[in-house]
Amino acid sequence: MVSDKHGLKDQVAGKLKEVKGKLTNDKGEQVAGKVQKTFGKAKDKLQDVKEKMSEKTREAK
């Protein structure tokens, strides 16, 4: 699906922050990275829902 790209930037940036936090032993950076990764995944799920709703609307017409 197209939605794979919507949250990918946040997921990658979040993973990098998380790894950086682990390397520097910065718990705040680790948490920020995890939050950003989760946000990226949520964006993907939201886009999937939007696409499915659009498909159902087109089918209903």
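A helix here is a DSSP run (H or I) of at least four residues, numbered from the N terminus. With that in hand, the model can be read helix by helix. It is a predicted model.

H1 covers residues 8-24. H2 covers residues 27-60. How do they sit against each other? Two packed helices are described by the angle between their axes and the distance between the axes. Here the axes of H1 and H2 come within 7 Å. They cross at roughly 165 degrees. An angle over 145 degrees counts as roughly antiparallel, so H1 and H2 are roughly antiparallel to each other. The crossing of H1 and H2 is left-handed.

Now look at the loop between H1 and H2, where Asn-25 lies. The phi angle of Asn-25 is near 60 degrees. That is a positive value in a residue other than glycine. Is Asn-25 buried or exposed? Its relative accessible area is 58%. The cut-off for exposed is over 50%, so Asn-25 counts as exposed.

Next come the charged pairs. Side chains of opposite charge can pair when their charged atoms come close. How many salt bridges does the structure hold? There are 3 salt bridges.

Take Lys-43 and Asp-10 to begin. Their closest N and O atoms are 2.9 Å apart, and the two residues form a salt bridge. This pair links distant parts of the chain. Lys-43 is in helix H2, Asp-10 is in helix H1, and 33 residues separate them. The two ends of the bridge can be read by their accessibility. Lys-43 has a relative accessible area of 32%, so Lys-43 is partly exposed. Asp-10 has 13% relative accessibility, so Asp-10 counts as buried.

Turn to Glu-18. Within helix H1, Lys-22 forms a salt bridge with Glu-18. The closest N and O atoms of this pair are 3.9 Å apart. Why are Lys-22 and Glu-18 separated by about one helical turn? Because they are 4 residues apart in helix H1. Glu-18 also meets Lys-37 in a salt bridge, at 2.9 Å from N to O. This second pair links distant parts of the chain, with Glu-18 in helix H1 and Lys-37 in helix H2. Those two residues are 19 residues apart.

What does this make of the three residues together? Glu-18, Lys-22 and Lys-37 are linked in a network of salt bridges. Glu-18 is buried, with a relative accessible area of 5%. Lys-37 is buried as well.

Leu-16 is in helix H1. At 57% relative accessibility, Leu-16 is over the 50% cut-off and so counts as exposed.

Two further lysines fall between the cut-offs. Lys-15 lies in helix H1. Its relative accessible area is 41%, so Lys-15 is partly exposed. Lys-41 lies in helix H2. Lys-41 has a relative accessible area of 48%, so it too is partly exposed.

Lys-15 and Lys-56 are 41 residues apart in sequence. Their C-alpha atoms are 34 Å apart in space. Lys-41 and Arg-58 are 17 residues apart along the chain. Their C-alpha atoms are separated by 26 Å.

To put the parts together: H1 and H2 are roughly antiparallel. Lys-43 and Asp-10 link the two helices through a salt bridge.

How values were computed. Residues are numbered from 1 along each chain as its sequence is written. This is a predicted model: local features need pLDDT of at least 70, side-chain atom pairs count only at pLDDT 80 or more; totals for chains, interfaces and linings use all residues. Side-chain values use heavy atoms; hydrogens and water are left out. Buried means under 20% relative accessible area, exposed over 50%, partly exposed in between (1.4 Å probe, protein chains only). A salt bridge is a side-chain nitrogen of Lys or Arg within 4 Å of a carboxyl oxygen of Asp or Glu. Axes are lines fitted to C-alpha atoms, for helices over the stretch in contact, and angles run from 0 to 180 degrees between N-to-C directions. Angles under 35 degrees count as roughly parallel, over 145 as roughly antiparallel, 65 to 115 as roughly perpendicular and the rest as oblique. A crossing is left-handed if the near helix is turned anticlockwise from the far one by less than a right angle, and right-handed if clockwise.
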